[in-house]
Amino acid sequence: MTTKTVLRAARRTFVAGAAALLVGSLAVPSFVTPTIAADGPASVADLAQGLLGAVVNISTSQTVKGSEGPGAVPMPQLPEGSPFQDFFDDFFKNRGGDKDGGAQKVQSLGSGFVIDAEQGIVVTNNHVIADADDIEVNFSDGVTLKATLVGTDTKTDVAVLKVDPKGHKLTAVKFGDSTKMRVGDWVMAIGNPFGLGGTVTVGIVSARNRDINSGPYDDFIQTDAAINRGNSGGPLFNSVGEVIGINTAIISPSGGSIGIGFSIPAQLASGVVDQLRQFGETRRGWLGVRIQPVTDDIAESLGMATAKGALVAGVIKGGPVDNGTILAGDVIIKFDGKDINEMRDLPRVVAESPVGKAVDVIIVRKGVEQTVKVTLGRLEDGEKLASGEDGSNTDQDNGDKAPAVSTASVLGMTIGELNDETRTKFGIAADVTGVVITDVTKDSAAAERGIQPGEVITEIAQESVATPKDVMDRIGALKEQGRKNALLMLASKTGELRFVTIRMD
């Protein structure tokens, strides 16, 4: 036996022994039966073949001024009669960047998919076709059709296009149930990365319910299937060829895929698509409240066992619940049968509900659960109404100078009566009531919470206060009850409400 043979034999013995140790230390419990091979499904060729025809490339063009184009260089200012004038005139005019602001065409690429072959309906991302002058849909067999815009929704980044179904035989796919997707399920993306049409990639669902702060209804599916620039608007399929997501964003320091992509779940997208097809716009449900998170401190102050739900910080005038059904300080924990675990859950489930629907809402009010019935308004109308509340502050007539106010010092704040003098001094609207904060001690508990002079304490622990004495009495009562934090409802100068908790130690 040669030396090399001995070494190979020894190496095999070592590897076998190491493998035995590894198997022993990482042994799968007898009650667990692995069902998926480590290298993924055997093949997705049959699945991909049946879907490629429904996935399209979206190309758009937009006319912009030369000075606004990407990488545009401004025309240099030359002395009159310069011998270089003709040269630069020709150069910049040819590039669309002449001194008169000549226009040029800017093109972009994305992906999409057909959901209705008879009507010629194509779905993509809003950002793929935003501000486009011309939109073309390119099919896998090389046919190109002009597209018209049916409707867009910037909040979910969804757009619906229409092509002439008579101009080409279309293949359609349908939305699946994204709520059934589990972390670890196999998914397949098809799209147009970097202009390379008909590209298929495979991965798994890496996570669900991702909030990447891109909009008010973030609820993304995260996947490690390769998604790059140009994949935007393309479909994410489940193992039976149903669209369970619309690929819309990636996290990447280089611009290429690093295995962190995000898709709009079909549960959210399909409803938006239906509304855009029917109305050309969205018609979302609206509750008419301003909300904020329920922190551990707020939960403790409200006597709640756990921090959950959405805290109502204010009710919009003229909104669906401006009749006393829901009040500032209520915590919404269930809406139309759906649990509200976090603040961000509420806007999404409300928006997905039909306008005019009467729903049951479970709230916690002063530590007691109760159910109220609410009829939803329309979000798009509510946004106009809410914006009308801004700037409602009016100047107050000074009149006779009021006598000196009574003041008190509590929790790092100096507080005083809210009268004509303090309203004028801090510019507080006439419809704001409570006790005004005239000063905040630096490095105090109140300062840590961002409380500012000019804000008004309207409630403490869900009890109204009107004088400095009321504030002192409420704080004293909370301390006697053994409470560690005081829950304050504060009003801004214009009346917008928010809740804060302040330590009382």
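The unreviewed UniProt entry lists His127, Asp157, Gly230, Asn231 and Ser232 under "binding site"; such annotations may be inferred rather than shown by experiment, and their positions follow the numbering used here, with feature names shortened. The structure is a predicted model, in which local features need pLDDT of at least 70 and side-chain atom pairs count only at pLDDT 80 or more, while totals for chains, interfaces and linings use all residues. Residues are numbered from 1 along each chain as its sequence is written, and side-chain values use heavy atoms, leaving out hydrogens and water.

Two of the listed residues can be visited in turn. His127 lies in helix α4 (residues 126-129), helices being DSSP runs of H or I with at least four residues, and strands runs of E with at least two, numbered from the N terminus. With a relative accessible area of 41%, His127 is partly exposed (buried means under 20%, exposed over 50%, partly exposed in between, with a 1.4 Å probe and protein chains only). Beyond its neighbours within four places in sequence, His127 is in contact (heavy atoms within 4.5 Å) with Asp157, Ser232 and Thr248. Asp157, in the loop between β6 (148-153) and β7, is buried at 15% relative accessible area. Among its contacts outside four places in sequence are Thr124, His127 and Ile264.

Elsewhere, Glu459 sits in strand β25 (residues 456-460). Glu459 touches Ala328, Ser464, Val465, Leu487, Leu488 and Met489, not counting residues up to four places away in sequence.
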